[in-house]
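Keep the viewer open as you read.

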Amino acid sequence: MNLKEWIFTTDHKRVGILYLIGSLAAFAVAGIMALLMRAELSTIGPTITANPTNYNVWLYTHGAVMILGFQIPALTGFFANFCIPLMIGAKDVAFPRVNALSVWLFYVGVILALLTFFIPDPPDIMWTGYPPYSTITTGNTAMYSFTVLILGFASIIGGVNFLTTVAYMRAPGITLNKLNIFVWCTLGAFVLQLIFVPVLGTAVSLISMDKYLGTNFFDPAKGGDVLTYQNLFWFYSHPAVYVIFLPFIGVVFEVLSSHARSAVFNYKMVVYGGIGGIVLLAGEVWVHHLYVSGMADWLRIGQMVTTLMISIPVGLMMISLVGTLYKSSIAFTTPMLYALGVVFLFLIGGLTGIPLAVPSLTLAVSDTYYVVGHFHYVMAVAGTFSIFAGIYHWFPKFSGRMYNEFWGKVGFWLTFIGSNVVFWTMMDIGVDGMPRRYYDYAHFPQFESAHQLMTAGAVVLGLGFAIAVLNWIIGAMKGPPAGDNPWGSPSLEWTTVSPPPHGNWPTPPSVAEDWHPYAYKKG
Amino acid sequence: MESKERKGKQGMHKQLVAILRRTSVAAFGFALAASSWAAGPAQSAASKINDPARGWDSLWHEVIVDITIIGILFAVVTAWFMFSSRRTADNQVGASPKLSPASAVGWTVLPIFIFLSIDLYTAANGWVLWNHYRDVPADRLEVKLESGMYSWDYTYPNGVRTQNELIVPAGKPVMLRMTSRDTLHSHYIPDFRVKEDSMPGRVTYLWFHPTKPGEHLVTCAEYCGVMHSYMAGRVIVKSTDEYAAWMKQEETMLAAAATTEAPAVPAKAGAPAAKPKKT
Ligand code: HEM
Ligand SMILES: [Cu+2]
Ligand SMILES: [Cu+2]
């Protein structure tokens, strides 16, 4: 097992694990940024730095790296790579070398993002990069543009690869209605990536062209328009939350169903109503990020309706998740706890999004901590919990070893409690007026104790995450052998040995007529 | 055997149509009733001022109650299933009934209509309130705002200017026409439940209805640069008389400045939008 073999690997499982390692490293860095921000906010006035720019750079790095360096690569890089070929009974992906290229590009992107800390004027333009500030700041906007472009490109070529793989490489007998929900979800996510990433690429290229090459796309004094950027940016970045949401809810379906040994409730409703509905609606709701940006009134009202309608596919998926538990047989393992945690966190996050769909209500709460609390519930923490659920769930498969249940559960409870303390409090002070992206809250002294509570909560939650990561590292090195199918799941990835060899199965698998990834059998 | 199968399919088909018909009628009826009810009071009260801040409070409260109910419902059902489905033997598997095709469709269509009616109901309420926020009463004080890094600069119709202090009379709706000389900013007045971005090259607006004398914080809600979090000001609401007196004084000062041909300076320059307190 030498390093060169890993770097030049074209095996989808190893590519996946490279994605996992890179994205967890990104998560650690972005997590440390979160703790620095929380430390800074623990008192009014300067706490650990007297220079607001430092805070802004941490916030930029936290947001951009969490989304582009951690969640999207972990979900569409690690899980998609590791699971999809195994779930559809394929030896590998359709284009293994393209796959290797995508993980290399991902590493280039992550390294570029981390260079933020070593250049004299790091970007301070938030992960959204809105002009005019991004075109006049002394911060390095080009760094932001290139990071986004490279990570976006890595993801697009992954998308082409997986769509082809699922279309052409399914084992005989695996029809479309026998695909794992996770596979469907990932396909939906990649369709969205392929449609929308180019728009993001355009947006971030144009700000750098404005800043460095003298164009005027966004400068009204020279005939440009500032709002155009926001439209382009969110035309991608709203669908991007579904690029995160779809695979993460897919992981939750897999974990929940396996550990409850119960078929996914109303499979076709989830696939065609839930996933299909989201893919269809994803591109018609971006204006809800621009409710206070000065958009035309009719657009704000129109997209209020489409945004509220997102509740339909998402609601169907929630019904299915809960329905799957009905008369099931639940083992409360660590991955199951995380998956159930997602159900509750996502419930809170989803419901608190309903007021944010209504433009008149957002006139007060937009750009406040209410929004920050809401999206951490619905995406940041729910997504991270599902990534953790998935890593624990497939840990025996990709490492061949077992993690420690006790420490797994300790980690879960710390993060679950910590997250609720932090993000519930955020929503609470947000409704009372605390604006987001504030280095200091001198005008809101009444929130100091709430901020201190959040800082304490963040430490607890960070500790929980750290315990989980340590648990994996130790488990991968010293854990007891796990066996091929510790959860008793009929899904195909559990039919091969742990860890699966190059090529996945000694002889290609074929499935029986009555096989289904969720047909649990007593035994 | 074949005919029996066909008969079964036909039965299912009928059942389906019946389910669809019933649910759609119920859902649309509910949504329609809800939206007309929501739109009702708005028209009857068109003559007096609809204070959006009050409307915000009541709609917010209502939506929070709604989502709390839905949330508790979901959470209780989930918790109950979790509790009642604990695995008791190692080789146990779930025993949930298999859905018949008709009930699978029912379980899809019925929730769709329920969610859709909640959505439309919420949208209708939100739209009514939106119109209150966007229709500015004709009898109003109109002030121009130019935001910049890092101050709020107000210009009154008669040319009087202030910085970081918007002084207004109680009882009169105030409208801001906003633009920016550099980056994006957002004039947020938490007490009046309103904000809107200001930006170069476009004019945006907002209005609010101050009723009692008092002071209200203005704070910037759109990231605008390094000192974003210090970009604050105040709305100062004075009684009508005090406001008139203040305005008179400003006007004389302005006139005096004009006759001596001094360059126009902001009549009232409050402290620049604050600085870090500790060092
Ligand atoms: C692990 C615990 C986490 C803590 C304690 C935390 C904390 C914070 C804080 C304090 C802010 C800044 C609020 C402000 O000044 O406006 C923030 C912003 C943000 N966080 Fe997190 N966060 C965490 C995890 C995550 C995760 C997992 C994601 C993944 C998507 C994420 C995504 C974001 C984004 C996108 C922003 C907004 C950045 C911006 O305003 O440009 N966070 N978070
Ligand atoms: Cu969005
Ligand atoms: Cu600002």
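Which residues lie nearest the centre of the largest cavity? In this predicted model, they are Ile72(A), Thr76(A), Leu151(A), Ala154(A) and Ser155(A), out of 22 residues that line the cavity. Helices 3 (52-87), 4 (96-115), 6 (141-168) and 7 (181-212) of chain A each give two or more residues to that lining. Helix 6 of chain A supplies the largest share, 7 residues. Sorted by class, the lining has 13 nonpolar and 9 polar residues, with no charged ones.

Searching the whole structure turns up 6 cavities of 30 Å³ or more.

Now for ligand 1. It is surrounded by 26 residues, and the closest are Tyr55(A), His62(A), His376(A), Arg436(A) and Arg437(A). By class, this shell has 18 nonpolar, 5 polar and 3 charged residues. These are some polar contacts to check in your viewer:

| Residue | Atom of the residue | Atom of ligand 1 | Distance |
|---|---|---|---|
| Arg437(A) | backbone N or O | oxygen | 2.5 Å |
| His376(A) | polar side-chain atom | nitrogen | 2.8 Å |
| Trp127(A) | polar backbone atom | oxygen | 3.4 Å |

Helix 2 (12-40), helix 3, helix 14 (369-399), helix 15 (405-431) and helix 16 (448-478) of chain A each give two or more residues to the shell around ligand 1. Helix 3 of chain A has the largest share, 7 residues.

Last stop, the copper ion (ligand 2). Its donors are ND1 of His238(A), NE2 of His288(A) and NE2 of His289(A), at 1.6 to 2.4 Å. Along the sequence, the donor residues follow the spacing H-x49-H-H.

Are His288(A) and His289(A) buried or partly exposed? His288(A) counts as buried because its relative accessibility is 17%, under the 20% limit. His289(A) has 28% relative accessibility, so it counts as partly exposed.

Conventions
Residues numbered from 1 in each chain as written. Chains lettered and ligands numbered in written order. Predicted model: local features only at pLDDT ≥ 70, side-chain atom pairs only at ≥ 80, totals over all residues. Heavy atoms only, no water. Donors = N, O, S within 2.8 Å, 3.2 Å for Na, K, Ca; no water. Buried < 20%, exposed > 50% of the residue type's maximum accessible area, 1.4 Å probe, protein only. 1 Å grid on protein atoms, 1.4 Å probe; cavity = no way out; pocket = protein on both sides within 12 Å on 5 of 7 lines; lining within 4 Å. Points joined across faces, edges and corners; volume = space filled by probe spheres on them. Helix = DSSP H or I, 4+ residues; strand = E, 2+ residues; numbered from the N terminus. Nonpolar A, V, L, I, M, F, W, Y, C, P; charged D, E, K, R; others polar. Near = heavy atom within 4 Å. Polar contact = N/O pair within 3.5 Å; in protein donor to acceptor, adjacent residues only side chain to side chain.
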